[in-house]
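Please look at the sequence and the 3D view before reading on.

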Amino acid sequence: MQLLHQVKYLIKKEVLLEWRSKYALNGVLLYVVSTVFVCFLSFVSIAPVTWNALFWIIMLFASINAVSKGFLHESKGQQLYIYTIASPLALIISKTVYNVLLMMLLTLIALFFYVMVFDYVPQDLGLYIIATVLGSLSFSTIFTMISAIASKAGNGGMLMAILSFPVIIPVLIVLIKLTKNAIDGLDRSVSLDEIGLLLIINALVAAVTLLLFPYLWRD
């Protein structure tokens with residue numbers, strides 16, 4: 001019960017801080033909208049495969065900008081204060097849950113704007129939305145873990161980019177394949193392997209994060 005209370009308190013803190021500054025929401029939305037508009041001006045008409053790949057490239061960099069602030073932008077004083085009032089498990093769970101909710105919101109808004117600007121709808125829009133939700137979940141869990149590791153180093157931003165590259169590439173490959181199935185309108189049973197693989201990756205990343213973060217936070 002104490003863990004749940006701490007998680008609830010920390011999530012509320014993150015929401016209040018975001019509501020006051022609106023850094024991640026406004027900044028990432030501006031990036032997504034401007035990038036999509038520039039791509040539209042550059043391509044005008046675009047092949048479905050390119051449309052799909054371009055969407056995930058945009059969301060990859062948007063997620064880095066949105067999630068990285070979780071640990072990298074906190075001062076030593078803030079970290080010390082949180083260390084004294086909450087357990088490491090409560091902190092990492094609250095950061096992950098908040099980043100997941102934030103990325104799901106941003107991804108769905110970006111997808112709606114992307115579809116509206118390019119005037120293209122995948123044949124199986126429901127499966128595509130499921131894939132984007134799974135993608136935002138994967139990006140959030142992976143980048144939250146990497147951000148926590150990078151925050152303990154000097155040049156956190158560069159280290160985060162280096163550490164996240166080998167982890168995020170397999171996820172991107174699976175996501176592009178899954179959304180390609182949605183674009184082609186294939187039967188959903190064909191995509192069960194990709195959905196299961198993404199769920200397994202998320203579960204493994206979450207488990208590793210919960211196991212290692214208390215030792216990392218102790219330093």
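Helix H3 and helix H7 cross in a right-handed manner. H3 covers residues 48-67, and its axis comes within 10 Å of the axis of H7, at a crossing angle of roughly 35°. On the H3 side, the contact is made by Trp 51, Asn 52, Phe 55, Trp 56, Met 59, Leu 60, Ser 63, Ile 64 and Val 67. On the H7 side, these residues meet Tyr 128, Ala 131, Thr 132, Gly 135, Phe 139, Ser 140, Phe 143, Thr 144 and Ser 147. By class, the residues of this contact are 11 nonpolar, seven polar and no charged. The model described here is predicted.

H7 also packs against helix H6. H6 spans residues 88-118 and H7 spans residues 125-150. The crossing of H6 and H7 is right-handed. Residues of H6 in this contact include Ile 92, Lys 95, Asn 99, Met 103, Thr 107 and Leu 111. Among their partners in H7 are Tyr 128, Ile 129, Val 133, Leu 137, Thr 141 and Thr 144. The residues of the contact of H6 with H7 divide into 10 nonpolar, eight polar and one charged.

Two packed helices are described by the angle between their axes and the distance between the axes. The table lists both values for each pair.

| Helix pair | Axes come within | Crossing angle |
|---|---|---|
| H3 and H7 | 10 Å | roughly 35° |
| H6 and H7 | 8 Å | roughly 145° |

How much of H7 is buried? Buried means under 20% relative accessible area. Of the 26 residues of H7, 19 are buried, so this helix is largely enclosed by the rest of the structure. H7 reaches 36 Å from its first C-alpha to its last, close to the 38 Å expected at 1.5 Å a residue. H3 has 20 residues and reaches 28 Å, close to the expected 28 Å. The buried residues of H3 include Trp 51, Leu 54, Phe 55, Ile 58, Ala 62 and Ala 66.

Between H6 and H7 there is a loop, and Asp 119 is located in this loop. Asp 119 is not a glycine, yet it has a positive phi of about 55°. Is Asp 119 buried or exposed? Its relative accessible area is 70%, so Asp 119 counts as exposed.

Ile 162 is in helix H8, residues 156-184. With a relative accessible area of 54%, Ile 162 is exposed.

Ile 195 belongs to helix H9, residues 192-218. Which residues does Ile 195 contact, leaving aside its neighbours within four places in sequence? They are Leu 127, Leu 134 and Leu 178. Ile 195 and Val 174 are 21 residues apart in sequence, while their C-alpha atoms are 8.5 Å apart in space.

Finally, the chain as a whole. The protein chain has nine helices and zero strands. Of its 219 residues, 44% count as buried. Among contacts with a separation of 6 or more, 84% are between residues 24 or more positions apart. The accessible surface of the protein chain comes to about 11,300 Å², and 73% of this surface belongs to carbon and sulfur atoms.

Definitions and conventions:
Residues are numbered from 1 along each chain as its sequence is written. This is a predicted model: local features need pLDDT of at least 70, side-chain atom pairs count only at pLDDT 80 or more; totals for chains, interfaces and linings use all residues. Side-chain values use heavy atoms; hydrogens and water are left out. Axes are lines fitted to C-alpha atoms, for helices over the stretch in contact, and angles run from 0 to 180 degrees between N-to-C directions. Helices (H or I, at least four residues) and strands (E, at least two) are DSSP runs, numbered from the N terminus. A crossing is left-handed if the near helix is turned anticlockwise from the far one by less than a right angle, and right-handed if clockwise. Contact means heavy atoms within 4.5 Å. Ala, Val, Leu, Ile, Met, Phe, Trp, Tyr, Cys and Pro count as nonpolar, Asp, Glu, Lys and Arg as charged, and the others, Gly among them, as polar. Buried means under 20% relative accessible area, exposed over 50%, partly exposed in between (1.4 Å probe, protein chains only). Accessible areas come from the Shrake-Rupley method with a 1.4 Å probe; for residues, only the protein chains shown count as cover. The expected span of a helix is 1.5 Å times one less than its number of residues.
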